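Here is a short briefing on helix packing. Please look at the model first.

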Amino acid sequence: MSCKHYKNSPQKYYKIISFATFVGLLYACSTTKKVPDGEYLLTKNNFEFEDKKQFFDEELKDYVQQKPNKKQLLFMPLSLLLYNAANPKYDTILNEYMTYPSEMRNQKLRDSLFIKYNMQSSVGKSLFMDRLYHNWGTPPVILDQTRTEKSAESIEKRMTYRGFWDSEVKYAHKLDSANKKASVQYSIKHNTPTNIKEYYYNITDPGIKSLFEQNINESLVRKGQVLDQTVLEKEITRLNDLMRKSGYYRFNAGNDEVGFIADSLKSRKEVPLVLEIHKDSADRPYKRATFGNVDIAIVNRNRDFPRRTVKDSLRRIRFHKVNDNYKTSALWRTIIVDSKGIYDQSKLDLTKRNILAMNNFSILKARDSLRQGGVTAPNDSIVDVLYVLKPLDKYDLKVATDLNYSQFLNWGISPSVDLTTRNVFGGAENLSTSLAGTIGRVVDPKNLDKRIWASEISAQASLSFPRLLLPFNYYKLIPKRYTPTSSIVLGASVQNNIGLGRTNFNTGLNYFANVNDQVSHRLTLFNTLFSLTKNKDSYYDFFVGDDNIRRAAFADYFAYNPQLGQQFEAGEFTRDEISQKIIEDLDYVATLDVEKADRLLDFTGTLVNKDRQTQDVLISSMVYNFIYNEIGKKDYPNAFYFNGKVELAGNIPSLFNQKREDNSGILRSPERTIFGIPYAQFVKFDFDIRKYFRFNGNQSLVLRQFIGLGVPYGNSSAMPFVRSYFNGGANDIRAWVAFGGLGPGGSQIDERVRTYLMGNVKLTTNIEYRIPFTNMYEGALFTDIGNVWNTENNGFDDQFKFNKFIREMGIGSGFGLRVNVAYITLRVDLAYKIYDPNKPDGEKWRFNDIKPLKPTLNIAFGYPF
């Protein structure tokens, strides 16, 4: 920050510095307010690693028994400050007061405690604020030096568990008697780890042994590895899953059948390891189980089964129902367990998941057990399965109001009403209907100093089916374990004062299939969108910048052709008709000097925008979406995410209409239409790739690459507005607002023209480093790189070319704060333009133009990726 900047506005900085000083004094003075004399407030646990750090070192902090008060507000211990804000003379009373049940905490109890502690003058006081501070706050963490010693022992045990048997942990206390504060220094030395010299296995059962050997390449334990107990635990879990999927019912259910033996008699550094698998001390053989009876009961109460139910069956599955509200075939589709099939625990898990995913039932009982054989012992190879289900309420009504923020609408309120009607046709079909609205204030384009009301209302209906809507049996092609479902969607929305305003109608038939927890497929057929512009004639009222460019172009042309200008003023020609004449008058173009030619080029850009913004369009497409997602899965700490989408539009309408009509676009050629609306033809590819790296505990580095390509053909010379790419916004290149003038490509035309120019090629790279400060607050440093281009040059130097696209990538960097409250993450990102490809040469790098106090502000909910 320059001294000149400070001198120009000293009062503003004085306020900032004064506030910071006040907060600092508050923090310094109040944290030890209730620390007794001779005691110390624990402020920090420091960790020093004397040799090479290991990947698990961050978890060692969890084994410290005493941790400082958590920090929240401005990275200060807010809960401690609140606790200290309560009057200290009432601490004893409030501590005892809180031990009573809530129904007894009243004024009578408080008065009795006042008398007990000889504080008769306080009788009748409610202590409302003191109780509030006391309840919301937490007492200071007083250093207990004996717990430090125990913490060091716990850390050392954990390191031994991780394979570092000879590790050393020392500790030291740093005491500040004047300020009554203390910190603890833990010095950790790993030393040489203990490795697995040889790896053997002792498995007496031939079936278990054969299965283990068939999958030995998937073993997590290897010769030469560090003898890490956490790895051995994961290997036991893997073996449990493998055996239970292969017919061995409740394999190792008591955690006493699988174990490892390490022989450390000869060496503590190179240790032979043996995997032992035995059913019991007598080495009884394992038996492979099969599923026996599979019973599904649909009841209103648990006691209705089996006395009040009627039995039905379908393909070896037995159903018990109190009525015929649900078709047997619909229930059968969700049951992955197959009678007479080999026992597989994953089938039980999938069946339970499918039942819950239907959103029609709650599970009263889910039981799998060995069939009772004879009179004494159960049969150890047949597993009977029972699910007792209770139908959910027929109707489920939800009313909500959301507060949202966007670059266009700023803050707005969005009330909504959602109604779910279950089991519409008796096959567990659900009809979801919703009515939602958004209302807020936007800048009046006619007067930038004023705001006007803007709104959107939408209605949506979705009918979901727990099966694929196909005219043939698909179970051999798509197994039931993929949980295939379908939905039919129909919706409409109307916008007012958001741009020109649009009326949209959409419909589609969707198919879903989940291969497993990571892989899913979605196919949408007849994905149809009608998008109609409401106020085409008001285009220049909303896009004032374009109107200024139009007026300049008209003035130039009327100077060349005064008669036409007089006719225009007399109302004989519309603005669109004059624009058409200017574009088509080649003789006029030949007379232009450089300045007027530039103005004409700018005007041409505005006409491209006008055609796109006012275009009515019909999009009828087929969309295929493939997702691979490891995010949130505990087995994938360094998660990978891939989302690939392909959309093919316009082929079906082209079969029914070959006639071209002029659809009143100034620069658009005549197009084929359906119901007078031109339909789009294009193929579009979107690829969203993300990789997450976790290290140093909860810190993470996230890399994201987005690649988009749209190719118009046939009836379309350009991608429709609603399928084109743009830059900027809270989840994109954050240094530019959405439609904020970045791109397309390296075009140098006026920013007011570029603002709404879009592209059919998009590349975006995001890099974000996330640093958690506390459980509530998280910081982030980020860099966003990217731009949009077109596959053809529209005269704006916007064509994508391999030999120069890197030089046309916009770069923005910044930092942000995330606040985690309950299940909501509020995100605030401050971004700065680093490289602007649309500036003239010599001005593209923006370091000298960065204004620290004037960043691009992005406010959003949730992570950007």
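**Helix packing around α13**

α13 passes α17 in a left-handed crossing (the near helix is turned anticlockwise from the far one by less than a right angle; clockwise would be right-handed). The model is predicted: local features need pLDDT of at least 70, side-chain atom pairs count only at pLDDT 80 or more, and totals for chains, interfaces and linings use all residues. Residues are numbered from 1 along each chain as its sequence is written, and side-chain values use heavy atoms, leaving out hydrogens and water.

**α13 with α17**

- α13 and helix α17 (residues 594-613) pack at about 135°, with axes 9 Å apart.
- In α13, Asp546, Ile549, Arg550, Ala552, Ala553, Phe554 and Asp556 meet Lys596, Arg599, Asp602, Phe603, Thr606 and Asn609 of α17 (contact means heavy atoms within 4.5 Å).
- This contact divides into 5 nonpolar, 2 polar and 6 charged residues.

**α13 with α15**

- Helix α13 (residues 544-560) packs against helix α15 (residues 575-584) at about 60°, with axes 11 Å apart.
- That makes α13 oblique to α15.
- α13 also passes α15 in a left-handed crossing.
- Arg550, Ala553, Phe554, Tyr557 and Phe558 of α13 meet Arg575, Ile578, Ser579, Lys581 and Ile582 of α15.
- By class, there are 6 nonpolar, 1 polar and 3 charged residues in the contact of α13 with α15.

**Domains**

- An automatic or database assignment sets the bounds: domain 1 (34-189), domain 2 (195-277), domain 3 (290-391), domain 4 (539-611) and domain 5 (726-864).
- The C-alpha centres of domain 1 and domain 3 lie 51 Å apart.

Terms used. Axes fitted to C-alpha atoms, helices over the stretch in contact; angles between N-to-C directions. Helix = DSSP H or I, 4+ residues; strand = E, 2+ residues; numbered from the N terminus. Parallel < 35°, antiparallel > 145°, perpendicular 65-115°, else oblique. Nonpolar A, V, L, I, M, F, W, Y, C, P; charged D, E, K, R; others polar.
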